[in-house]
Amino acid sequence: MSLLSWLTLFSSASFVIYGVSYFYSPNMKNEFKRFGLEQFGMLTAVLEITGGIGLLMGFFSMPILLISSGGLALLMLLGFFTRLRVKDSLLVSLPAFTFMVLNAYIFYATLA
């Protein structure tokens, strides 16, 4: 299995797990309240789950992989800027940045 495939599987699992956790973890809902984005919590969770599933479907359809990885990279860019806006530390902001770069790489490598 190629590095790209492993990275895609890792990102997919991470987003599905993280998205589902919104529905079970009060801490996740509290984070969106802290960000002042409570109304977007469920939408974000659904986008994460959909994007994660889309990454898996991308093994069979390159356009779905491009849409999913590009969408998740954009979502994480927004998440990173949100964390900077609320003045979270760089360490706390690092996962959003890392997943943005990871999905941007998946997007770019799929195009190449």
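This is a predicted model: local features need pLDDT of at least 70, side-chain atom pairs count only at pLDDT 80 or more; totals for chains, interfaces and linings use all residues.
Student: How much space lies in the largest pocket?
Tutor: Local features here need pLDDT of at least 70 and side-chain atom pairs pLDDT 80 or more, while totals for chains, interfaces and linings use all residues. Residues are numbered from 1 along each chain, and side-chain values use heavy atoms, without hydrogens and water. A pocket is an open set of points on a 1 Å grid over the protein atoms alone where a 1.4 Å probe fits, with protein on both sides within 12 Å along at least five of seven lines. The space in the largest one is about 620 Å³.

Student: Which class has 18 residues in the lining of the largest pocket?
Tutor: The lining, meaning residues with an atom within 4 Å of a point, has 26 residues, with Phe32, Thr44, Glu48, Met76 and Gly79 nearest the pocket centre. Five of the lining residues are polar and three are charged, and the class with 18 is nonpolar.

Student: Is Arg83 buried or exposed?
Tutor: Arg83 sits in helix α4. Buried means under 20% relative accessible area and exposed over 50%, with a 1.4 Å probe and protein chains only. Arg83 has 13%, so Arg83 is buried.

Conventions. Grid points are joined across faces, edges and corners, and a volume is the space filled by probe spheres set on the points. Ala, Val, Leu, Ile, Met, Phe, Trp, Tyr, Cys and Pro count as nonpolar, Asp, Glu, Lys and Arg as charged, and the others, Gly among them, as polar. Helices (H or I, at least four residues) and strands (E, at least two) are DSSP runs, numbered from the N terminus.
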